[in-house]
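Biologist: Can you put the model up and take me through it?
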Amino acid sequence: MNEKVIEVENLNFSYPDKTIALRNMNFSVSRGESLAIIGPNGAGKSTLLLHLNGVLRGEGTVRVLGEKISKENLKRIREKVGMVFQDPNDQLFMPTVFDDVAFGPLNLCLEREEIEKRVDSILKELGLEGYGKKSPSHLSLGEKKKVSLATVLVLEPEILVLDEPTISLDPGTRRIFIDIFKDIKKTKLIATHDLDLVSQLCSKVVLMDKGTVIAEGSCRDILRNKKLLEDHSLEVPASLVLNGLKRQELKEKNRLSFSLWRKMTAR
Ligand SMILES: Nc1ncnc2c1ncn2[C@@H]1O[C@H](COP(=O)(O)OP(=O)(O)O)[C@@H](O)[C@H]1O
Ligand SMILES: [Mg+2]
């Protein structure tokens with residue numbers, strides 16, 4: 001569990017218009033871990049993720065599975081780190097769902113038969129059986145997000161990187177996605193401000209703002225820290241507030257029944 005599969009050291013990045021997006025970022029992810037990167041809009045979450053498979057290259061070091069990302073190993077790194085973009089329209093560009101999901105395996109020069117087997121199996125797993133011939137542009141957002149995920153999972157990456165995976169989904173579709181992610185037993189890195197999703201899926205949290213790490217720790221510690229979250233435009237997830245209220249109610253009930261019991265047993 002302690003093998004570091006991603007290590008980011010002193011990472012700095014500015015966009016060409018001089019916007020400073022990452023400032024001396026440092027964090028790591030262990031094998032098998034589900035790490036949440038949380039933070040307000042504009043904190044630098046997406047910029048950070050784009051460094052993990054070399055789409056962006058800042059100053060500093062990004063190591064994946066022990067290897068520093070460089071021009072020479074970029075192709076290999078991208079096979080290991082599967083990135084699902086926030087907007088599925090950035091991921092889907094082929095005329096059919098089948099073509100989109102088969103695109104990556106075709107580039108890996110896999111046999112046609114193997115490709116069809118993999119595509120059919122992943123579409124089935126994600127509840128997209130029979131969608132192969134459809135045009136991605138005609139699908140709902142939830143379906144597009146599933147196809148995007150399929151284009152990544154079909155390559156069997158070791159590390160799954162998800163950018164705002166539940167944003168704009170209706171509650172039912174959102175729950176389906178949470179269940180899908182729960183079933184994926186890979187190292188996961190999830191950038192989101194859906195803190196309820198974080199409380200269900202992640203064990204460790206990195207809170208970032210203005211391009212740098214503000215706090216990191218267990219999900220339990222960070223997600224219950226009302227002041228810290230509110231200082232960075234986030235809030236304690238409703239599920240934890242409700243749990244807290246239930247616990248308080250239970251305590252109150254126990255207190256009342258205890259005082260009743262004392263009265264009844266008092267001589
Ligand atoms: N292509 C770009 N050119 C210039 N600035 C950008 C670009 N993309 C993002 N930014 C800026 O970088 C900062 C971090 O953005 P981003 O990584 O998208 O944050 P987040 O994903 O946390 O919302 C923001 O200030 C944003 O305006
Ligand atoms: Mg973003």
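The chat below goes over the fold, the sheet and the ligand shell.

Modeller: This is a predicted model: local features need pLDDT of at least 70, side-chain atom pairs count only at pLDDT 80 or more, and totals for chains, interfaces and linings use all residues. Residues are numbered from 1 along each chain as its sequence is written, while chains are lettered from A and ligands numbered from 1 in the order in which they are written.

Biologist: What does the secondary structure come to?

Modeller: The protein has 10 helices and 10 strands. Those are DSSP runs numbered from the N terminus, with at least four residues of H or I for a helix and at least two of E for a strand.

Biologist: How much of the protein is buried?

Modeller: Buried residues are 36% of the 267, where buried is 20 or more other C-beta atoms within 10 Å of a residue's own, exposed is 12 or fewer, partly exposed is in between, and C-beta atoms are placed from the backbone. The C-alpha atoms fill a box of roughly 85 × 45 × 35 Å along the principal axes.

Biologist: Now the sheet. What is the strand order?

Modeller: The open sheet of 6 strands runs β6-β7-β8-β3-β9-β10, with mixed pairing. Its edge strands are β6 (81-84) and β10 (212-218), each pairing on one side only. Two strands pair if DSSP finds at least two bridges between them. The twist averages 15 degrees from one strand to the next.

Biologist: In which sense do β3 and β8 pair?

Modeller: Parallel, over 4 bridges, with β3 at residues 34-38 and β8 at 187-191. Ile-37 has Ala-191 in β8 as its bridge partner.

Biologist: And β9 with β10, parallel or antiparallel?

Modeller: Antiparallel, over 6 bridges, with β9 at residues 204-209. Leu-207 stands opposite Ala-215 in β10. The β9 and β10 hairpin has 2 residues between the strands, and Lys-210 takes a positive phi near 50 degrees there.

Biologist: Switching to the ligand. Which residues surround ligand 1?

Modeller: Among them are Tyr-15, Asp-17, Asn-41, Lys-45, Ser-46 and Thr-47; a residue is near a molecule if its C-beta atom, placed from the backbone, lies within 6 Å of it.

Biologist: Which helix gives the most to that shell?

Modeller: Helix α1 (residues 45-51), with 3 residues.

Biologist: How does the shell split by class?

Modeller: The shell has 3 nonpolar, 7 polar and 2 charged residues. Ala, Val, Leu, Ile, Met, Phe, Trp, Tyr, Cys and Pro count as nonpolar, Asp, Glu, Lys and Arg as charged, and the others, Gly among them, as polar.

Notes: Axes are lines fitted to C-alpha atoms, for helices over the stretch in contact, and angles run from 0 to 180 degrees between N-to-C directions.
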